[in-house]
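Reader: Could you walk me through one part of this model in some detail? I'd like a close look at a strand and its partners, and then whatever else you can tell me about the surroundings.

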Amino acid sequence: MTPGAPVSYVVDCPTGLAGDMLLAACLDLGVPSEVIHAPLRDLGFENVYALRVEEALSGGIRGLRLEVEGRDPHPPHRHWGELRERIGNASIAPTLRARVLSVFTALADAEAAVHGISVDQVHFHEVGAIDSLVDVVGVCAAFEHLEPGSLWCVPPPAGRGTVATAHGLLPVPAPAVLELARRHGVELRWGDDWPEAELTTPTGLALMTVLADGFGWPDQLAPEAVGTGLGHRRLDRPNLLRLIRQRPQDAVGCDQPQ
């Protein structure tokens with residue numbers, strides 16, 4: 001192994017791409033929890049959430065399952081303008097601030113497009129909730145800590161059926177997921193052999209469109225370590241996401257980057 005050689009990472013998401021699964025996989029790979037909590041304190045959110053992480057099984061496969069517990073009995077619905085100002089004024093690292101803003105901008109643009117409103121009118125329901133804030137800030141901070149030389153994401157599954165949202169029942173893939181995929185040239189895997197569930201969420205896809213170098217299949221896998229994040233939904237197969245750290249000397253690209 002060459003000292004200081006860049007390290008390649010691969011996000012393998014066979015049953016879904018979601019913010020909580022990404023964050024759990026980062027923690028399982030060894031990212032210290034303080035890396036997650038520090039920027040959230042700087043943003044003033046330290047007293048409004050608790051992070052519960054437990055080792056669990058899904059379909060007989062171990063991993064970490066993460067849940068964000070909100071401590072505010074009446075959580076506000078945050079508009080994009082308010083959230084943007086708060087992030088922009090926070091005393092966090094400039095590179096982290098830029099990544100967090102980019103993720104939320106991608107989400108706001110997609111939501112505005114599908115609802116036919118201006119970006120500044122976007123009223124974050126799911127995205128503005130504290131669990132999504134923790135997922136976005138936490139995952140961005142985790143990858144700042146990991147400092148990947150490259151990061152590739154396997155094309156995520158679209159899922160099928162419907163999902164309950166603040167706007168009522170919406171078709172899967174959720175409209176914001178389709179819009180993010182359209183805007184960023186992401187190929188979603190599709191077929192009737194997938195579970196009838198929302199597998200890829202807007203937050204999960206927005207994180208990868210910003211953080212990943214591209215979407216595609218690695219030429220080869222040379223795993224040095226694997227972090228596994230488990231989903232909450234029970235499927236007909238293990239519900240997991242794997243963050244794979246490649247051996248530095250074997251860092252590779254992908255066959256079909258988008």
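Author: Let's start with the ground rule for strand pairing: two strands pair if DSSP finds at least two bridges between them. Strands (E, at least two residues) and helices (H or I, at least four) are DSSP runs, numbered from the N terminus. Bear in mind that this is a predicted model, so local features need pLDDT of at least 70, side-chain atom pairs count only at pLDDT 80 or more, and totals for chains, interfaces and linings use all residues. Residues are numbered from 1 along each chain as its sequence is written, and side-chain values use heavy atoms, with hydrogens and water left out.

The strand to look at is S11, residues 240–246. Strand S1 (residues 8–12) pairs with S11 in the antiparallel sense, over four bridges. Within that pairing, Val-10 has Ile-244 of S11 as its bridge partner. Strand S10 (residues 223–230) is also antiparallel to S11, and here there are seven bridges. Find Leu-230 and you'll see that its bridge partner in S11 is Leu-240.

How covered is S11? Five of its seven residues are buried, where buried means under 20% relative accessible area, exposed means over 50%, and partly exposed is in between (1.4 Å probe, protein chains only). As a general point, side chains in a regular strand alternate between the two faces of the sheet.

Now for the aromatics. Rings of Phe, Tyr and Trp (its six-membered ring) pair if their centres lie within 6.5 Å; planes under 30 degrees apart are stacked, over 60 edge-to-face, and the rest tilted. That gives one aromatic pair. The ring centres of Trp-80 and Phe-104 are 6.4 Å apart and their planes sit at 35 degrees, so this pair is tilted. Trp-80 belongs to helix H3 (residues 80–89) and Phe-104 to helix H4 (residues 94–115), so the pair links parts of the chain 24 residues apart. Both Trp-80 and Phe-104 are buried.

What about the cysteines? With a disulfide taken as a pair of cysteine sulfur atoms within 2.5 Å, the count is zero. The closest cysteine sulfur to that of Cys-26 is in Cys-140, and at 9.9 Å it is too far for a bond. Cys-26 has 0% relative accessibility, so it counts as buried. Cys-140 is at 0% as well, and therefore buried too.
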